[in-house]
Amino acid sequence: MPEPLIVAHQLVKRFGDFTAVDGIDVQVQPGEVFGFLGPNGAGKSSTMRMIGCVSPVTSGSLRLFGLDPATHGAKIRARIGVVPQLDTLDTELSVQENLWLYGRFFDLPRAEAKRRAVELLEFAQLSDRADSVVDNLSGGMKRRLSIARSLINNPELLLLDEPTTGLDPQARHVLWDRLYRLKQEGVTQVLTTHYMDEAEQLCDRLVVMDHGRIVAEGSPRSLIEQWSTREVLELRFPAGTNDTNAAQLAGIGERQELLPDRVLVYAHDGEAALVEAHARGLQPESALVRRASLEDVFLLLTGRSLAD
Amino acid sequence: MSTIFLRILPPAMVVRRPHRMIERHVVAYRRQWLIIVSGFFEPLLYLLSMRAGLGSLVGTVTVAGKAVPYDAFVAPALMASSAMNGAIFDSTGNVMHRLKYARIYDAALATPMGPGDVAVGEISWALIRGQMYAISFLGVMAALGLVDTWWSLLALPACALIGLTFASIGFVCTTYMRGWADLEIVTTATMPLFLFSATFFPTSSYGSWAWVVQLSPLYHGVALVRAANAGVWTASVVGHVAVLVGLSAVALVVAARRVDSLLRK
């Protein structure tokens, strides 16, 4: 097995009295796409900032490429690319200038930086916008430009903090496609997200974070197998009757989850569970049988849905 | 060995690529050169109004036992003031925009660039901008016949020192500001400096309050530019240089630390 690219041991980040990251252990292998999943405030971004060597570690140890961020921050940053949660594109520069001038921060020779900028514009499907002002780009284009910019130094590791938050479905799919290509080229990726479908699409392995701690770890599939039944029956009842109806579901499937707007029944056979519910005289307004997802794992582990 | 060295030296104090920041500004301002040019006119208009208007009323001013025409007295002070204003302007409003709104420094710090590179790069750029105004102002002074010694060329490094001092102080102040409204404080602070740094009248006219004038960093800058322009050097020049160098050094170190503590939490 190759040397892990990231090794974090009992990693802690504190801001005054507030503990944002509370002793996590993480290893990321070269070539892997690794995800931090969790609601807002779970400690994902703080973890990413420590990995990106822009936030000092409070305690515990962190190594990237075998180097310590406290002493070799600049050396490490030279080998990684960062896509921050909020775009930090330079609005006083054109699309093309954003790329090559950023390359200069990595000490690329000017001709090389400009050559790479042209390539990356192609990759990000922005070639026809090379001379546009950044402000005139759509949200999806800005995000693609951010990703292109993060690749200017040919990074071995790419850090993406909520790469598709706020994008429409089509723009998300374009972005996922670009990230998948990078994975095929062997670029290691670490991303945070609170979208389950994104994590399932992109990640080889992920950890679920809550209140600064890791509450589960594994591949999307193994997490679902470990923590959930194969299928889920979603039942909607008339407003205000969830409680009483849920009580009557007792014993159907493995367990039930009562949400504000619906009741979830975890069962290996969702159809059979629905038949049983009908047999008990329950009349839901709607019923849906679906496969279990990471959303269900998250709900079970944290007692909250991700949208919170 | 190098690890020990790096542990002792805080990351904010490492300065390797400040010129990358300057390169960015050169490219950005290629499209906004009018903004740069406009900064040149304010001191020029002041000088012309002093020469044509006030100068004819005042006549001559006695400096170090020598009578000089009023415009020749005021011109070096205006040159020093424009170096201050150019540096302050760039290191407050523009730095605020890049720090808080465009988040350009956040982007830079994700690369091998460090807080020291950002602070030194930004302050250097402000200084360069101030220096461009100083050079053109000296040219105008020469054209108006207000320069009669080669010593006057030393007014340029004097203005660079003024620029460095005020760019560093301005940068540090900006890191403490909460938003655009706080920028008003800058004008409130530089206006009295501009008026009461022995700019428009000699120190003697302040009477027993002359010592207050000496608290103004600009006063020391004005004194330097005046000495260069007159080609008359006294021991006090050393003191003026020491004050400005000392202020710059402290402000530069604080500036890099502020970038570090603000952006690398």
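1. Overall make-up of chain A. The model is a predicted one, and in it chain A holds 11 helices and 13 strands. Its C-alpha atoms fill a box of roughly 75 × 45 × 40 Å along the principal axes, and buried residues account for 44% of the 308 residues in the chain. When contacts in chain A between residues at least 6 apart in sequence are considered, 68% of them join residues at least 24 apart.

2. The six-stranded sheet. Chain A contains an open sheet of 6 strands in the order β5-β6-β7-β3-β8-β9, with mixed pairing. Strands β5 (80-83) and β9 (213-218) of chain A stand at the edges and have a single partner strand each, so one side of each lacks a neighbour in the sheet. From one strand to the next, the twist of this sheet averages 15°.

3. Strand β7 and its surroundings. Strand β7 (residues 188-193) of chain A is largely enclosed by the rest of the structure, because 6 of its 6 residues are buried. A:T188, A:V190 and A:T192 point one way from the strand, whereas A:Q189, A:L191 and A:T193 point the other way, and all are buried. Strand β6 (residues 157-161) of chain A pairs with β7(A) in the parallel sense over 5 bridges, while β3(A) is also joined to β7(A) by 5 bridges, again in parallel.

4. Strands β3 and β8, and helix α8. Strand β3 (residues 33-37) of chain A pairs in the parallel sense with strand β8 (residues 205-210) of chain A over 4 bridges, and A:F34 has A:R205 as its bridge partner in β8(A). Helix α8 (residues 220-227) of chain A packs on this sheet, where it touches β8 and β9 of chain A, and its direction makes about 105° with that of β9(A). A:S222 lies in this helix and counts as exposed, because it has 12 C-beta neighbours inside 10 Å. A:S222 and A:R205 are 17 residues apart in sequence, and their C-alpha atoms are 9.3 Å apart in space.

5. The four-stranded sheet. A further open sheet of chain A has 4 strands in the order β11-β12-β10-β13, with antiparallel pairing. Its edge strands are β11 (255-258) and β13 (286-291) of chain A, each of which pairs on one side only, and the twist averages 20° from one strand to the next. Strand β10 (residues 231-236) of chain A is joined to strand β12 (residues 263-267) of chain A by 5 bridges, the two running antiparallel, and A:V232 stands opposite A:Y266 in β12(A). Helix α10 (residues 270-279) of chain A lies across β10, β12 and β13 of chain A and runs at about 35° to β10(A).

6. Helix α11. In helix α11 (residues 294-302) of chain A, the buried residues include A:L294, A:E295, A:D296, A:V297, A:F298 and A:L299. The helix is followed by A:G303, whose phi is positive, near 70°.

7. Contact between chains A and B. In the model, 23 residues of chain A are in contact with 24 residues of chain B. Helices α2 (69-77) and α3 (95-105) of chain A each supply at least two residues of the side of chain A that touches chain B. By class, that side of chain A has 11 nonpolar, 6 polar and 6 charged residues.

8. The largest nonpolar core. This core has 155 residues, of which A:L159, A:V265, B:M79, B:A80 and B:I123 touch the most other members. Helix α4 (residues 70-101) of chain B gives the most to the core, with 16 residues. Leaving aside residues up to four places away in sequence, B:M79 touches B:A134, B:F137, B:L138, B:A155, B:C159 and B:V225.

Definitions and conventions: Residues numbered from 1 in each chain as written. Chains lettered and ligands numbered in written order. Predicted model: local features only at pLDDT ≥ 70, side-chain atom pairs only at ≥ 80, totals over all residues. Core = buried A, V, L, I, M, F, W, Y, C linked by C-beta atoms within 7 Å. Buried ≥ 20, exposed ≤ 12 C-beta atoms within 10 Å, placed from the backbone. Contact = placed C-beta atoms within 7 Å. Pairing = 2+ DSSP bridges. Axes fitted to C-alpha atoms, helices over the stretch in contact; angles between N-to-C directions. Nonpolar A, V, L, I, M, F, W, Y, C, P; charged D, E, K, R; others polar.
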